[in-house]
Amino acid sequence: MMGGIMMIGYGFSHAGGPEVIDAIDLPTPQPGPHEIQIKTSAIGLNNRDRMARQLGGSGLTVPGYDVAGTVSSIGSNVSRFKVGDRVVARTTSAYAEIVTAAADMSVLLPASITPEKGVAVITPGVTGYRMVELGNVKAGDTVIVKGASGGVGSAAIQLAVARGASVIGIASSRHEVAVERLGVEHFVAYDQGNPVTQLRQTADVVINAAMNGLGGDDDVAMTKDNGLIVSVSHTEPLLSRGIRFIHTRPLGGSEVGKALQLLIDLMAQNKLNVQVGYVLPFTREGFVKGHQLLDDPQHEGRIVIRVDR
């Protein structure tokens, strides 16, 4: 539901490069019965935003899913939050001064966590949580995480370690120190030889969070008999030895809230960290720069827009 007061947002009306993003006057959204209204403090940028921009759409699009801020209004059926609460939430049309979000996809943000850190964990953290859940990772399991230096891989490592698993991380050699800090017991650099040479039939669970889930045949080779592969890839590799394959799909509704609560709790206990690589201003230049970084596969760390008031 939209109100009569206008606010500033950012979006695009046709497909293109980062330069198609521009400022837009938008009506201020009002919360529905099961929603909260959030005055934005920070916005997390994700690859889905980049894909939406590249594909375009029918008419004006305001992208964005991840937001941190302060509750400014609550719906009639919301009792878990009050005006003034600091929150993080998964929503839509997040590139705006004010957004609404479902109450069951929002959680309180402790004072010990900055909005920039809180918003940065949402999409990669929820995806990593989903992959660890699908893998039914438990204490004593040996888990291999590919794409270990990325947002999703980093979250999956820390969540698996928190469950008592023994984790092996695979990433570029230049990320060895960073990945080891996440709690892996062993690091393998994919640019210094095929990891299968060292890790053949090693894992109870392989979590493939690498770009597009590449290397499915290697995943099979690294998995024990009757083991499990959980991957971002949509393509199932040729399976053998009783190995199963699951493609991870996004969570929705209250499952997002459950995942977010766990992530924020672990962050508050210093058991989960997220690397924020860039903090940019809430301006056209900030969003254009953010999308230029999204277009660069070599960028490191989460990209966050800070809303200064």
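Predicted model: local features only at pLDDT ≥ 70, side-chain atom pairs only at ≥ 80, totals over all residues.
Local features need pLDDT of at least 70 and side-chain atom pairs count only at pLDDT 80 or more, while totals for chains, interfaces and linings use all residues. Residues are numbered from 1 along each chain as its sequence is written, and side-chain values use heavy atoms, leaving out hydrogens and water.

**View 1. The largest nonpolar core has 47 residues.** Such a core is a set of buried Ala, Val, Leu, Ile, Met, Phe, Trp, Tyr and Cys residues joined through side-chain atoms within 4.5 Å, where buried means under 20% relative accessible area with a 1.4 Å probe, protein chains only. Val88, Val143, Ile157, Val167, Ile207, Leu260 and Ile264 touch the most other members. Helix H8 (residues 254–268) gives the largest share, 7 residues; helices are DSSP runs of H or I, at least four residues, and strands are runs of E, at least two, numbered from the N terminus. Another core, of 34 residues, lies apart and includes Ile21 and Val307.

**View 2. Strand E5 (residues 86–90) has 4 of its 5 residues buried.** Strands pair if DSSP finds at least two bridges between them. E5 runs antiparallel to strand E4 (residues 66–74), with 5 bridges, and pairs in the antiparallel sense with strand E7 (residues 106–108) over 3 bridges.

**View 3. Val88 meets residues from elsewhere in the sequence.** Leaving aside neighbours within four places in sequence, its contacts (heavy atoms within 4.5 Å) include Met105, Ile122, Leu260 and Ile264.

Technical notes
Buried < 20%, exposed > 50% of the residue type's maximum accessible area, 1.4 Å probe, protein only.
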